[in-house]
Amino acid sequence: MQFIDLKAQYQHLKDDIDAGVLGVLEHGRFIMGPEVKALEDALSEYTGVTQTVSCASGTDALQLALMALEIGPGDAVFTTPFTFFATAEVISLVGAVPVFVDIDAETYNIDPERLEEAVVDVAAKGELTPRAIIAVDLFGLPADYDALDQIAEAHGLDIIEDAAQGFGGTYHGRQACSLARIGTTSFFPAKPLGCYGDGGAVFTNDANIAEVLRSLRVHGKGTDKYDNVRIGLNSRLDTLQAAILIEKLKAFPQELVDRQRVADRYTSRLSDAIVTPLVPDGLTSSWAQYTVRAPSGQRAAILDSLKAKGIPTAIYYGKSLHEQSAYSDHPHVAFPCPNSEAAAECVFSLPMHPYLADEEADRIADAVRASIELAA
Ligand SMILES: *Cc1c(COP(=O)(O)O)cnc(C)c1O
């Protein structure tokens with residue numbers, strides 16, 4: 001059994017993906033070939049934004065977003081400590097200071113009340129200029145954007161939506177990646193919409209920001225890449241990856257239905273035995289991960305017993321970012337994060353992909369139930 005079965009997906013889409021890849025090998029325009037623009041247009045249509053700028057990874061997408069907003073030294077960027085390292089890493093890379101704010105204990109996304117307190121506190125101290133919030137749609141569930149918008153507006157902050165995991169989720173009818181001034185995603189193979197290597201994209205309705213992003217991803221190009229008007233990156237999406245993503249995006253709506261089917265199956269069989277994911281009314285998750293919460297002190301025993309039955313699991317995340325050694329001697333601000341620290345000790349994720357059969361999901365759920373009884 002696979003935690004994420006990319007081979008099953010490839011078998012399902014093989015003819016179309018092979019044809020797309022061969023087409024690129026034949027026309028030979030490996031950098032910024034026609035598939036890149038075609039994919040960007042398809043992504044704009046899917047997410048409902050006017051501008052999609054593809055790039056080399058989800059990490060670069062975040063860094064490009066910060067660069068486009070001219071965020072740098074002296075600036076504070078507020079984010080969650082319960083996410084993949086890249087979310088905060090890019091803040092440090094552009095010379096700004098990450099400010100870690102605790103999560104909501106049930107959604108695992110940044111807690112708007114704690115955020116507001118943190119913004120007020122940082123502003124009052126006067127050492128850093130509050131500039132932006134990077135909200136993460138963790139495990140595929142959009143953050144609380146209505147509350148975040150109010151805070152951003154009150155304090156003059158920009159919001160960047162890190163939808164590396166969120167692509168495909170919805171917030172009151174609006175698509176993830178379109179929920180903030182700038183949205184970003186990742187096409188890392190294991191993400192909901194993954195390619196066969198690294199890739200990412202930035203989403204916005206602001207044509208001026210999009211123009212800056214298109215310059216930044218090619219060495220800050222002006223009229224061409226030998227006319228350089230700003231300091232940028234080399235961060236383009238390969239044409240081959242775009243061709244693969246065009247085919248995967250066509251299959252994506254049905255895959256989302258199947259991810260929901262697996263999630264529903266797990267929830268109906270597990271919600272009386274363990275803490276299952278909360279999806280607030282009006283929101284849908286892309287189910288990048290199906291993450292449950294073990295009773296305190298029992299996670300290791302539960303995972304051992306699942307492993308013995310051949311069921312793969314993963315821990316996202318076992319250490320909050322403010323506790324990573326990289327930040328022990330790197331500038332950052334950490335407000336108290338008890339919910340993030342508690343989650344890091346208890347959560348684990350179950351196999352999740354659209355090609356997981358009902359019988360397999362049932363076997364996994366049964367094994368989880370049995371392992372909880374053993375661990376108790
Ligand atoms: C995967 C991920 C990223 C980074 O994406 P890459 O494509 O691997 O660079 C950023 N943020 C979150 C929340 C992620 O899960």
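This note goes through the pockets, the ligand site and the cavities of a predicted model.

1. Basis. Residues are numbered from 1 along each chain as its sequence is written, and side-chain values use heavy atoms, with hydrogens and water left out. Because the model is predicted, local features need pLDDT of at least 70 and side-chain atom pairs count only at pLDDT 80 or more, while totals for chains, interfaces and linings use all residues.

2. Largest pocket. The volume of the largest pocket is about 450 Å³. A pocket here is an open set of points, on a 1 Å grid over the protein atoms alone, with protein on both sides within 12 Å along at least five of seven lines; lining residues have an atom within 4 Å of a point. Grid points are joined across faces, edges and corners, and a volume is the space filled by probe spheres set on the points. The lining holds 24 residues, and those nearest the centre are Phe84, Gln165, Ser186, Phe188 and Lys191. Helix 3 (58–68) and helix 4 (86–93) each supply at least two lining residues, with helix 3 giving the most, three residues. Helices are DSSP runs (H or I, at least four residues), numbered from the N terminus.

3. Lining classes. In the largest pocket, 12 lining residues are nonpolar, eight polar and four charged. Ala, Val, Leu, Ile, Met, Phe, Trp, Tyr, Cys and Pro count as nonpolar, Asp, Glu, Lys and Arg as charged, and the others, Gly among them, as polar.

4. Ligand site. The ligand sits in the largest pocket, meaning that more than half of its atoms lie within 2 Å of the pocket's grid points. There are 15 residues around the ligand, and Gly58, Thr59, Asp162, Ser186 and Lys191 come nearest; a residue is counted if one of its heavy atoms lies within 4 Å of the molecule. This shell has five nonpolar, eight polar and two charged residues. Helix 3 gives the most to the shell, with three residues.

5. A polar contact is a pair of N or O atoms within 3.5 Å. A side-chain N or O atom of Lys191 is 2.6 Å from an oxygen atom of the ligand. Asp162 places a polar side-chain atom 2.8 Å from a ligand nitrogen atom, and a backbone N or O atom of Gly58 lies 2.8 Å from a ligand oxygen atom. On its own the ligand has 380 Å² of accessible area, of which the protein covers 93%; such areas come from the Shrake-Rupley method with a 1.4 Å probe.

6. Second largest pocket. This pocket holds about 190 Å³ of space. Of its 16 lining residues, Asp104, Thr107, Ile110, Pro112 and Asp144 lie nearest the centre. The lining divides into eight nonpolar, three polar and five charged residues.

7. Largest cavity. Two cavities of 30 Å³ or more are found in the whole structure, a cavity being a set of grid points where a 1.4 Å probe fits but cannot get out. The largest has a volume of about 110 Å³. Its lining has 13 residues, with Phe139, Leu141, Pro277, Leu278 and Trp287 nearest the centre. Eight of the lining residues are nonpolar, four polar and one charged.

8. Second largest cavity. About 80 Å³ of space lies in this cavity. Its lining has 14 residues, and Ile4, Leu6, Gln9, Arg259 and Pro354 are the closest to its centre. Helix 1 (6–27) and helix 8 (239–270) each give two or more residues to the lining, and the largest share, three residues, comes from helix 8. By class the lining has six nonpolar, three polar and five charged residues.

Key:
Polar contact = N/O pair within 3.5 Å; in protein donor to acceptor, adjacent residues only side chain to side chain.
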